[in-house]
Amino acid sequence: MIFSWSDYIYAVATTNKIPPECGKLRVVQLAQAILESAGGTSTLFQEAGNPGGLQWREHIDDNYLEKITERVWLKTPSQPEGCYWCQWKTAEHAAMGYWRFIDRPNSPYSGWKLYLNNPEGYLQHIWEKGYATDPNYVNKVKKLFPEAQNLLQQYNQKQQSPNPQRTFKIAIMPGHGGSAPGAVNPDLNICEKDYNWKEAVEIKTRLEDRGNYQVIICRQENELPTLATLQQRANNIQADVCLCLHHNACNRKAQGWWLFYANNKPQFETFIQIMDRHFRQLPLTPRGYEYVSEPFTEAWRKNVWNCIHSCQMPTILFESCFIDNNEDALWLTNGGYQEIADKICAGVQEYLESKIAQNLQSVKLVVVNDPNGPLNVRSGPGTNFQVVSKLDNNTTLTVINQALDNQGRVWLEISSPCSGWVFKSLTSEVIGEQNQPAPSAMSESEKYDYYCDIITRNGGRLHNRNLISFRKETSTKANNWDGRYDDITVMIWKDNSGKHVRQYTSNTEPSSQYEDCSDPRADRGPMGVDANGDGKLDLGRLPAGYYEYETGYSEKLGKVLRPTQPVMLERDTNHNGIFEPYEPDASAGKSILFHQGTLTNPVSAGCQTLNPSEYSKFWNDLNRDGNPGIIGYTLVNWC
């Protein structure tokens, strides 16, 4: 199954990607899907994500920048000899794809828009134009209208709940498949690929039953894609985490589970540490977790690395037991694979849901930071509530609660200087002195120690040269869309003469001069990636955390620092200039540089920039003792 039936209903009920004029026809779309896919149980739905029984036609995506429809050959009860069908990889794409099919160039259904306010008339029209050959098709679908309408209302109510949950995306890469059995146990006549697949399906079922997980298995059951293809598929769906499922083999005597990761960023390490704790509850020999990287001491470690090193999200390769060992294998076949799935689900949930809890942690004091102030105070958590007061910038607010609006955005309930609700992204948290630049009264040596503590507390490592940036949350539309140098970057190092600290004015966020829109202030050409599939490029910024950089050179920008690993960025998908917790992340590869801006314009589409004078000092300090090698970079939210 590519996505669940409930995911598809939710997409039809709530997505804004369906043409808005088709709102009254959603009931027809869902009723047809109930009939055609037998409520999501048909082969076509399970294997191709096609709930409407739509055969492949040319030109479906011709009028759209984003191509979402693929072609797949399948045998079905209606086509026992097989034919080409439409295939969609996400529930939202399937919901969108139905309307692209109906409205494609030279469509036989031309004239359907005359029935936008008449669901029964629309259904009759497309049947007459050849959508189905069954003479009773219209009556069968009409009988399903009440069921479809009830489902649409139920899922709309979930969307409008005052505390909607974020949907997490999970990628699963089951090892081997097709003609490659993987490890085998000849005594029990079992092979690895079967249990990799069983666990993948079990994990998908358990997580999706929770309602806020979308789980994508990155291959078909009998498919054998390359390792590069599997990892690219995981990256393409922009998953939050990736699970690479395997079972081990050695000499038939070795036993136990073993976990591996190939990226030592803090979030990768946190994920595997959580998973290790859950796996220690299994009745197997614990081998713990291991970081694999070049140079490889044994060939099998390189094989592990090849499976996961290109994944851009926290990824674990599981060797969940030794399948060639009879004791491990008997446990596996007698329900052990379900226990493995249970522990993996528990680890995934703890890691991802604790991240959200951190985003929604209680805040006691904030200050107003609205680029278009004064800030509106509303009677409830959302812009649909009445404005009850207005507050000037830099006003201190006392926070007593928080909630999400119907778009998943965080609102704060305040008790002073007045009562009401404010949009969290238009405030700045009042943070203790451990999370801000060192007080000026400190000596240079004391500042060095102070900053070392910030680096280590944020999961960083100390190198020859170390950078820390303190970000002031600023709208991308600030300074007439050009952005501001209003952050602080600090460099620290130690040599024979002592401890050294240098401070620079900097910028760590993109500016809307690179926005994908027709506003004349967006005058530098659109940049970013389309993180939510709406056809527009979305600006991104580096999340708070620890990264590693090295010196480099750009033909366009001159001397730069480049990240040593691909980075994921927070994305402004609604283009309001603010980065919100429930907007999706997307990879930027290694494109987020440190480089020079102009005197008053940071010239940043997401890079870390300094004005020419500051950048000259920064570069000289960085290289004063020769090539600095790996440079640690810690980014923290300041105010």
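A hairpin of two residues joins strand 19 to strand 20, where strands, like helices, are DSSP runs numbered from the N terminus (E, at least two residues, for strands; H or I, at least four, for helices). The model is predicted, so local features need pLDDT of at least 70 and side-chain atom pairs count only at pLDDT 80 or more, while totals for chains, interfaces and linings use all residues. Residues are numbered from 1 along each chain as its sequence is written, and side-chain values use heavy atoms, with hydrogens and water left out.

**Exercise 1.** Describe the pairing and the burial of strand 19.

Solution. Begin with the pairing, for which DSSP must find at least two bridges between two strands. Strand 19 (residues 487-495) pairs in the antiparallel sense with strand 18 (residues 465-471) over five bridges, and L467 stands opposite M491 of strand 19. With strand 20 (residues 498-506), strand 19 again pairs in the antiparallel sense, here over nine bridges, and the partner of W493 in strand 20 is H500. Then turn to burial (buried means under 20% relative accessible area, exposed over 50%, partly exposed in between, with a 1.4 Å probe and protein chains only). Seven of the nine residues of strand 19 are buried.

**Exercise 2.** Classify the aromatic pair of Y261 and Y291, and then the pair of F279 and F318.

Solution. Rings of Phe, Tyr and Trp (its six-membered ring) pair if their centres lie within 6.5 Å, and planes under 30 degrees apart count as stacked, over 60 as edge-to-face and the rest as tilted. By this rule there are 29 aromatic pairs. For Y261 and Y291, the centres are 5.3 Å apart and the planes stand at 50 degrees, so the pair is tilted. This pair links distant parts of the chain, with Y261 in strand 8 (residues 257-261) and Y291 in strand 9 (residues 286-291), 30 residues apart. Y261 is buried, with a relative accessible area of 6%, whereas Y291, at 34%, counts as partly exposed. The pair of F279 and F318 is also tilted, at 5.5 Å centre to centre and 35 degrees between the planes. F279 lies in helix 10 (residues 266-279) and F318 in strand 10 (residues 315-322), 39 residues apart, and both residues are buried.

**Exercise 3.** Work out the surroundings of Q32.

Solution. Locate Q32 in helix 2 (residues 26-37), and note that Q32 counts as buried because its relative accessibility is 0%. Next list its contacts (heavy atoms within 4.5 Å): leaving aside residues up to four places away in sequence, Q32 touches P51, Y98, L123, I126, Y131, Y137 and V141.
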